Amino acid sequence: MFEKLLKEIEYAKTATFKRQSLYHEYGRITMARELGAITQNEYMELNHACVYDGINNPKHYD
C-alpha cells in the first residue's frame with residue numbers, strides 16, 4: 001500500500017491540476033492511516049512527500 005500511495009503522489013505532482021490532485025492524494029493517505037493500512041512512520045513519510053514537497057511547494061501551483 002505504501003509504495004502504491006507514493007507512486008500516486010509522484011504522479012499527482014505531474015498531473016494537469018497538480019494541487020487538486022495532491023489534495024486528493026492527501027485524503028487517500030489520511031484514510032489509509034485511519035484504516036490501519038499504513039503505519040505511522042509510513043504516514044509521516046507520505047505526508048511529507050505530499051504536503052511539504054507537493055502542496056506547499058510553489059513549483060506545483062497550477
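Visitor: Leaving aside its neighbours within four places in sequence, which residues is A49 in contact with?

Guide: In this predicted model, A49 is in contact with L6, I9, K13 and G54, once neighbours within four places in sequence are left aside.

Visitor: What makes these pairs contacts?

Guide: Contact requires heavy atoms within 4.5 Å, and L6, for one, is listed as in contact with A49.

Visitor: Why does A49 count as buried?

Guide: The place of A49 is in helix α3. Its relative accessibility is 9% and the limit for buried is under 20%, so A49 counts as buried.

Visitor: Which other residues of α3 are buried, and what covers them?

Guide: Besides A49, the buried residues of α3 are Y43, L46, N47, C50, G54 and I55. The cover over the buried residues of α3 includes α1 (2-12) and α2.

Visitor: Why is α2 called roughly antiparallel to α3?

Guide: Two packed helices are described by the angle between their axes and the distance between the axes. For α2 (residues 18-34) and α3 (residues 40-55), the axes come within 10 Å and cross at roughly 170 degrees. Angles over 145 degrees count as roughly antiparallel, and therefore α2 is roughly antiparallel to α3.

Visitor: Which residues meet where α2 packs on α3?

Guide: From α2 come R19, L22, Y23, E25, Y26, I29, T30 and R33, and from α3 come Q40, Y43, L46, N47, C50, V51, G54 and I55. By class, this contact of α2 with α3 has nine nonpolar, four polar and three charged residues.

Visitor: Why is α1 called roughly parallel to α3?

Guide: The axes of α1 and α3 come within 10 Å and cross at roughly 5 degrees. The cut-off for roughly parallel is under 35 degrees, so α1 is roughly parallel to α3.

Visitor: Which residues of α1 and α3 meet, and how do they divide by class?

Guide: F2, L5, L6 and I9 of α1 meet E42, E45, L46, A49 and C50 of α3. The residues of this contact divide into seven nonpolar, no polar and two charged.

Visitor: Where is the kink in α3 centred?

Guide: The kink in α3 is centred on H48 and amounts to about 25 degrees.

Visitor: Is E25 buried or exposed, and how do you know?

Guide: E25 is found in helix α2. With a relative accessible area of 5%, against a limit of under 20%, E25 is therefore buried. Not counting residues up to four places away in sequence, E25 touches E8, I9, A12 and C50.

Visitor: And E34, buried or exposed?

Guide: E34 is also found in helix α2. The relative accessible area of E34 is 66% and exposed means over 50%, so E34 is exposed. E34 and C50 are 16 residues apart along the chain, and their C-alpha atoms are separated by 17 Å.

Visitor: Which members of the largest nonpolar core touch the most other members?

Guide: This core has 13 residues, and L5, I9, L22, I29, I38, L46 and C50 touch the most other members. Helices α1, α2 and α3 each supply at least two residues of this core, and α3 gives the largest share, five residues.

Visitor: How far apart are A49 and L22 in space, C-alpha to C-alpha?

Guide: A49 and L22 are 9.8 Å apart, C-alpha to C-alpha, with a separation of 27 residues in sequence.

How values were computed
Residues numbered from 1 in each chain as written. Predicted model: local features only at pLDDT ≥ 70, side-chain atom pairs only at ≥ 80, totals over all residues. Heavy atoms only, no water. Axes fitted to C-alpha atoms, helices over the stretch in contact; angles between N-to-C directions. Helix = DSSP H or I, 4+ residues; strand = E, 2+ residues; numbered from the N terminus. Parallel < 35°, antiparallel > 145°, perpendicular 65-115°, else oblique. Nonpolar A, V, L, I, M, F, W, Y, C, P; charged D, E, K, R; others polar. Bend = angle between axes of the 7 residues up to and from the residue. Buried < 20%, exposed > 50% of the residue type's maximum accessible area, 1.4 Å probe, protein only. Core = buried A, V, L, I, M, F, W, Y, C linked by side-chain atoms within 4.5 Å.
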